[in-house]
Amino acid sequence: MKILISILIIGMAIYITNKENGNPIKKINTLRKEKTSAKEFVKTIESLGYFKYANERDIERLKKNHLESFDSEGSWGGIWDDETNLPIDYRYYFCDGETVFEQGGFKEMLNELSGTFEKIGFKLKIGNHFEEWDSKNEWLNHRITLNETEYIIFKNFKGYGWGEAVQRLAEILNEELEKQNIKERIYLISGGNDGSLIFLDNELYKYFYKTFTDPEWKPLEVKEWVKVMGIKKMKLE
């Protein structure tokens with residue numbers, strides 16, 4: 001009986017304290033559930049320089065599109081040129097893993113990114129490119145030389161490397177971006193035929209990562225993206 005009375009007294013004390021202090025526990029829970037608004041998102045990314053590569057005439061249209069598309073689970077604005085299918089913000093690209101993996105797709109993707117390379121001051125010289133399917137062994141060997149450095153994309157690889165091709169694209173370009181002290185890096189979003197990539201500097205990336213909640217639909221560093229997509233480690237040596 002004494003124990004029951006003690007529990008009741010403690011319970012009443014907690015209730016009174018919460019009531020007197022405006023129920024701080026409820027406040028904490030409410031704060032945890034608060035989400036970023038579309039208006040706040042657009043204002044923040046603008047202040048962080050997200051639109052700085054876009055042509056001046058396109059910025060208001062982009063901002064409007066962001067306001068209409070924003071969903072904190074993992075959706076934000078993007079407008080692509082009707083003829084070229086390239087992004088007018090020079091950041092947010094479609095990146096179909098199947099296309100990148102297919103013959104010629106890796107180099108084609110590099111060419112598609114050239115507009116952004118020019119905007120951010122990134123120099124890319126494509127040298128030797130070797131891509132060969134060995135029908136006898138049923139495996140793929142693929143390597144490319146960028147800025148005088150040879151990179152292995154696939155070595156004796158069997159199967160469908162949709163995810164692996166995109167992984168290597170991002171890893172290789174991020175290494176070259178770092179060499180040239182470019183602040184932007186490539187981050188990956190989703191995968192397969194629905195894959196995308198986005199150029200962000202560290203501040204923008206941290207904000208995107210904090211704002212969006214679904215790991216399959218927000219920008220990720222390559223190492224995390226590989227885990228989320230379930231891509232196995234390849235042997236490249």
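1. Glutamate 131 has histidine 142 of E3 as its bridge partner in this predicted model. The strands concerned are E2 (residues 126-134) and E3 (residues 139-146), which run antiparallel and are joined by seven bridges. Four residues separate E2 from E3 in the hairpin. In the turn, glutamate 138 has a positive phi of about 55 degrees.

2. Two further residues deserve a check of their backbone angles. Most residues other than glycine have a negative phi. Glutamate 148, which is not a glycine, has a positive phi of about 75 degrees. Glutamate 148 sits in the loop between E3 and strand E4 (149-157), and is exposed, with a relative accessible area of 62%.

3. Serine 190 also has a positive phi, near 50 degrees. Its place is the loop that lies between strand E5 (185-189) and strand E6 (196-200). Is serine 190 buried or exposed? Serine 190 is buried, its relative accessible area being 8%, under the 20% cut-off.

4. Helix H4 (residues 59-69) has the buried residues Ile59, Leu62, Lys63, Asn65 and His66. Viewed down the axis of H4, the buried residues fall within an arc of 160 degrees, so they line one face of the helix. In general, an α-helix has 3.6 residues a turn, so residues three or four places apart point the same way.

5. Glu60 and Glu68 are exposed and lie on the face of H4 turned away from its buried side. Helix H3 (38-47) is included in what covers the buried residues of H4.

Key: Residues numbered from 1 in each chain as written. Predicted model: local features only at pLDDT ≥ 70, side-chain atom pairs only at ≥ 80, totals over all residues. Heavy atoms only, no water. Pairing = 2+ DSSP bridges. Helix = DSSP H or I, 4+ residues; strand = E, 2+ residues; numbered from the N terminus. Buried < 20%, exposed > 50% of the residue type's maximum accessible area, 1.4 Å probe, protein only. Arc of directions from axis to C-beta. Contact = heavy atoms within 4.5 Å.
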